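Please read them with the coordinates open.

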Amino acid sequence: MAEAWKNVLNKTTVSEFAKNLNSVYDKLDVDKFVKAAVDDTWESLELMARGKRVTEKMREFLPQKYSEALKIMDKAVASCDPFFTMCFPTYVELYGQDEENWDLSMKAMELYTQYSSSEFAVRPFIIKHEKRMMEQMFAWSKHENEHVRRLSSEGCRPALPWGVALNSFKKDPSPVLPILEQLKTDLSAYVRKSVANNINDISKTHPDLIAKLSKDWYGKNDLTDWIVKHGCRTLLKKGNRDVLGIFGFHDVSSINVSDFAISTKKVPFGGEITFSFNIETKEATKVRLEYGIDFMKANGKHNRKIFQISEIAFKANQKKTYEKKHSFEELSTRKHYPGLHKITLIVNGTEQGTLDFKLVKEQR
């Protein structure tokens with residue numbers, strides 16, 4: 001998928017982008033712009049690097065005065081391909097951090113995020129001017145436009161994928177919390193997902209804080225409940241007892257697991273394994289079923305990944321048989337290595353048994 005995205009930025013689309021800029025700034029030479037951007041090194045550049053290259057050429061071919069360049073970009077942004085609108089907030093990030101440009105940069109990021117998120121561009125501003133920028137982010141959390149409200153949360157995630165880490169928020173996430181509080185009942189699913197992802201980031205360094213926040217938030221609003229559940233996904237996978245209890249997944253004293261078995265002890269690359277088990281409950285209870293696979297890594301060590309099976313409410317004395325398959329097809333997100341693997345059944349965060357099997361290089 002990343003390769004496909006990368007190739008959307010090509011000589012033809014760069015040319016179309018340059019023509020859009022030329023339509024509001026006729027001094028821009030389209031042919032020279034394309035030649036300068038798509039040079040001999042272009043094919044070696046990944047998606048983000050290609051976007052940055054185009055941004056650097058905007059700096060070269062647009063007026064050098066920052067305010068004049070922004071006026072042109074403001075007029076052009078709405079007509080540009082979404083893959084190129086990311087260049088606009090990047091321009092602000094690279095060239096608009098001076099004090100004299102602060103107000104212009106804030107207005108520009110507010111506008112550009114409505115076409116391509118400014119979530120990466122705001123982070124250097126937060127790092128250099130945390131208090132001032134977080135006041136701006138809180139103001140954006142009250143904005144009428146959902147894209148701007150989302151920016152207020154997404155931009156201050158402590159560990160935004162592909163973004164520069166906000167280490168101060170990893171140590172102390174308290175400056176982020178007022179924004180999440182403001183957005184916890186937002187009507188936009190786009191915004192709520194960002195809030196949940198922010199909570200999930202924080203949970204990795206401050207689990208107790210998120211457990212308390214979740215307990216305070218949960219059960220008062222359906223929109224907030226979704227945020228809490230999605231935001232606690234890492235803590236749920238880790239079997240955090242406080243968080244499991246919030247959602248009604250209590251200890252397993254009334255749950256009996258039996259006949260946990262696997263179909264084979266040897267799985268070929270590209271093949272699959274089938275496992276089965278029985279669940280029986282003495283009392284009515286909520287059950288969260290997961291399984292973990294300890295994958296062999298290239299260094300000979302194991303790395304566990306957790307996969308959810310289901311969440312279900314059992315009646316007293318109810319019995320249910322499960323059969324589940326797991327594929328070992330090669331994925332872009334996971335490379336398989338031969339050797340000993342383990343599969344563990346997990347019920348309400350508690351391990352219920354582990355079985356060994358080997359992944360072998362023979363084909364199906």
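1. How many aromatic pairs does the count come to? The count is 17 aromatic pairs. Rings of Phe, Tyr and Trp (its six-membered ring) pair if their centres lie within 6.5 Å; planes under 30 degrees apart are called stacked, over 60 edge-to-face, and the rest tilted. In one of these pairs, the ring centres of Tyr91 and Tyr95 are 4.9 Å apart with planes at 65 degrees, so the pair is edge-to-face. Both tyrosines belong to helix H7, four residues apart, about one turn of the helix. Tyr91 is buried, at 0% relative accessibility, whereas Tyr95 is partly exposed, at 21%. Here buried means under 20% relative accessible area, exposed over 50%, and partly exposed in between, with a 1.4 Å probe and protein chains only.

2. On the basis of the model: this is a predicted model, in which local features need pLDDT of at least 70 and side-chain atom pairs count only at pLDDT 80 or more, while totals for chains, interfaces and linings use all residues. Residues are numbered from 1 along each chain as its sequence is written, and side-chain values use heavy atoms, with hydrogens and water left out.

3. On the overall layout: the protein chain has 364 residues, of which 47% count as buried. Its secondary structure comes to 18 helices and eight strands. Helices (H or I, at least four residues) and strands (E, at least two) are DSSP runs, numbered from the N terminus. Along the principal axes, the C-alpha atoms fill a box of roughly 75 × 50 × 30 Å.

4. A second aromatic pair is Phe328 with Phe357: the ring centres are 5.8 Å apart and the planes are at 65 degrees, so this pair is edge-to-face. Phe328 sits in the loop between strand E6 (319-327) and strand E7 (339-347), and Phe357 in strand E8 (residues 350-360), so the pair ties together parts that are 29 residues apart in sequence. Phe328 and Phe357 are both buried. They belong to one aromatic cluster, whose members include Phe260, Phe275, Tyr291 and Tyr322.

5. Two lysines lie over aromatic rings. Lys320 is over the face of Tyr322, at 5.3 Å from the ring centre, and Lys229 is over the face of Phe247, at 5.4 Å. The rule asks for NZ of Lys or CZ of Arg within 6 Å of the ring centre and within 35 degrees of the ring normal. Tyr322 is also a member of the aromatic cluster described above.

6. The largest pocket holds about 920 Å³ of space. Of its 34 lining residues, Met48, Met86, Glu119, Phe120 and Trp162 are the closest to its centre. On a 1 Å grid over the protein atoms alone, a pocket is an open set of points where a 1.4 Å probe fits, with protein on both sides within 12 Å along at least five of seven lines; lining residues have an atom within 4 Å of a point. Grid points are joined across faces, edges and corners, and the volume is the space filled by probe spheres set on the points.

7. Which helix gives the most to the lining of the largest pocket? Helix H4 does, with six residues. Helices that each supply at least two residues include H4 (47-61), H7 (87-95) and H11 (146-154). The lining divides into 18 nonpolar, nine polar and seven charged residues. Ala, Val, Leu, Ile, Met, Phe, Trp, Tyr, Cys and Pro count as nonpolar, Asp, Glu, Lys and Arg as charged, and the others, Gly among them, as polar.

8. On cysteines: the structure holds zero disulfides, a disulfide being a pair of cysteine sulfur atoms within 2.5 Å. The sulfur of Cys80 is 8.7 Å from the closest cysteine sulfur, in Cys87, which is too far for a bond. Both residues are buried, Cys80 with a relative accessible area of 9% and Cys87 with 0%.

9. Two asparagines deserve a look at the backbone. Asn317 has phi near 65 degrees, a positive value in a residue other than glycine. Asn317 lies in the loop between strand E5 (302-314) and E6, and is exposed, with a relative accessible area of 59%. Asn348 also has a positive phi, of about 50 degrees. Asn348 is in the loop between E7 and E8 but is buried, at 0%.
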